[in-house]
Amino acid sequence: MKIAIVGAGYQGLVTGTCLAENGHQVMCMDHDAARVALLNDGGMPLHEPGLEELITRNMEEERLCFTTDLDRVVADSLMVFLCVGTPVDEAGRADVSGVLTATRQIASVMNSYRIIVNKSTCPPGTAEQMDATVRAHTTHPCDIVVNPDFMKEGTAVDDFLRPDRVIAGCDDVRVQEIMKELYSPFLRTGKPFITMSRRSAEMAKYATNVMLAARISLMNQLADICEAYDCDIAEVREAVATDYRIGPTFLFPGVGFGGAGLPRDLATCEGLARDRGVEYDLIAAVREVNERRRDRFLQRICDYYGATIGDKRLAVWGASFKARTDDLRGGPAIHVIDGLCAAGAMVTVYDPVASQKLKERYGDKILIAAKYYEALNGADGLIIMTEWNEFRRPDYERMGKLMREKVIFDGRNLYTPAVMARQGFQYFSVGRKAVSPGHNNPENQDEN
Ligand SMILES: NC(=O)c1ccc[n+]([C@@H]2O[C@H](COP(=O)([O-])OP(=O)(O)OC[C@H]3O[C@@H](n4cnc5c(N)ncnc54)[C@H](O)[C@@H]3O)[C@@H](O)[C@H]2O)c1
């Protein structure tokens, strides 16, 4: 089938490429000419594991192409996937103007019946607004399907190829069948294809993200209680995660969640509730706990150095909001780096894939290390913000020799406190008692 994708960001690139990988003829359109040129030259505007190889292969096989020409992609395709951004404003209202603009542009160039599949995250009722927009700009018939996506940056390709479920919000049985047929190669292991009303499908994405965010904030508050009572949140987590009613995912305590999705979807959900006079205090609390999390982590670092922080060289490992992506949006690392710079510290950041985005954001304001040990040269402390695998088992002796002061603030609990104490580090982590050099917690003897 010929398929058009409008918006070649994280969502659009993964969707278009995975559909091409299944043999479809996919044209990805983006109005950002520089992005399209980069993709056509074999470059990548973002880091997503496995994506570049798939793009290259499908471009070589002539199943995937990139263009700024909307007329061409819409003229040739029965299905048009909408993958444009939906930011949230100060009042927590999702800004769907990008979605409606793209809908208008598509409608204006339609030459016959089309199915617009909306993968952008939008509040309930948006599909109806899209219907009205289409009707205002074309007389050709058009069905709008709500097809929320649950991919996670860092594992997005795998998530698309092997989804937990596919949701199609639409009432028309024929359109449901077309969607089911399109997605059936990805659901061969028996994962469900679920149809529902468009409004429910729109809400499903917010509900899922709010639930996931709640688990993280709850775990982070439990971590604080553990710390106050000298319990170890890693041990507590094991007990909680093995309860089948709860399960193991999204239970790692840390510096809080970030990214473009969870914070925005929480804020939007609050806005939706507020607009209709529905209670939303639990959802607001999930967001507030998360926002305070990064503040408190930053405060802990500032308190440790006190008035001398302006003379300190601090190394930061990890800048992306999570491992395996270069996405800095909404990440706790950005908040902490900004705070350290504002306090006058000299900050050197190492991230395996986000250097370019760091350069664009910070210019000369921070130093960007090319290797992770390089960031530690003369450092008065190391701050770990992202759980990249390469940070998990470093050479502690080498670290100690490079650093001026052996202090680690670990926002991701990568190391064992007792081991760090034996290695001569002052070590602060999350939900576990801080340890000092030589201090050996007899209850926690396992080696890293
Ligand atoms: N990033 C994720 O992991 C993820 C996961 C699930 C759902 N989503 C949803 O997918 C949507 C897109 O998110 P994203 O992260 O890919 O955003 P993004 O900002 O990375 O990409 C959006 C792209 O759309 C292009 N664009 C905007 N308006 C356009 C128009 N009128 N015509 C052509 N191109 C246009 C932009 O130039 C940009 O390249 C959002 O609603 C998001 O909630 C994203």
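Predicted model: local features only at pLDDT ≥ 70, side-chain atom pairs only at ≥ 80, totals over all residues.
A polar contact is a pair of N or O atoms within 3.5 Å. A backbone N or O atom of Tyr 10 lies 3.1 Å from an oxygen atom of the ligand, so the pair falls inside the 3.5 Å limit and counts as a polar contact.

Side chains reach the ligand as well. Glu 153 places a polar side-chain atom 2.9 Å from a nitrogen atom of the ligand. In the side chain of Arg 264, an N or O atom is 2.7 Å from an oxygen atom of the ligand. Taken alone, the ligand exposes 820 Å², and the protein buries 86% of that. Helix 1 (10-21) and helix 5 (97-109) are the elements that give two or more residues to the shell around the ligand.

The shell can also be described by its members. There are 25 residues around the ligand, and those that come nearest are Gln 11, Asp 30, Thr 86, Thr 121 and Arg 264. By class, this shell has nine charged, nine polar and seven nonpolar residues.

A search of the whole structure finds one cavity of 30 Å³ or more, and the space in the largest cavity is about 50 Å³. Sorted by class, the lining of the largest cavity has four nonpolar, three polar and two charged residues.

The last stop is the second largest pocket, which holds about 410 Å³ of space. Its lining is made of 18 residues, and Val 88, Pro 263, Ala 267, Arg 287 and Glu 291 lie nearest its centre. Two helices, helix 11 (262-275) and helix 12 (281-305), each supply at least two residues of the lining. Helix 11 gives the most, with six residues. By class, the lining of the second largest pocket has eight charged, seven nonpolar and three polar residues.

Methods: Residues numbered from 1 in each chain as written. Heavy atoms only, no water. 1 Å grid on protein atoms, 1.4 Å probe; cavity = no way out; pocket = protein on both sides within 12 Å on 5 of 7 lines; lining within 4 Å. Points joined across faces, edges and corners; volume = space filled by probe spheres on them. Helix = DSSP H or I, 4+ residues; strand = E, 2+ residues; numbered from the N terminus. Nonpolar A, V, L, I, M, F, W, Y, C, P; charged D, E, K, R; others polar. Near = heavy atom within 4 Å. Polar contact = N/O pair within 3.5 Å; in protein donor to acceptor, adjacent residues only side chain to side chain. Areas by Shrake-Rupley, 256 points an atom, 1.4 Å probe, with all protein chains shown as cover.
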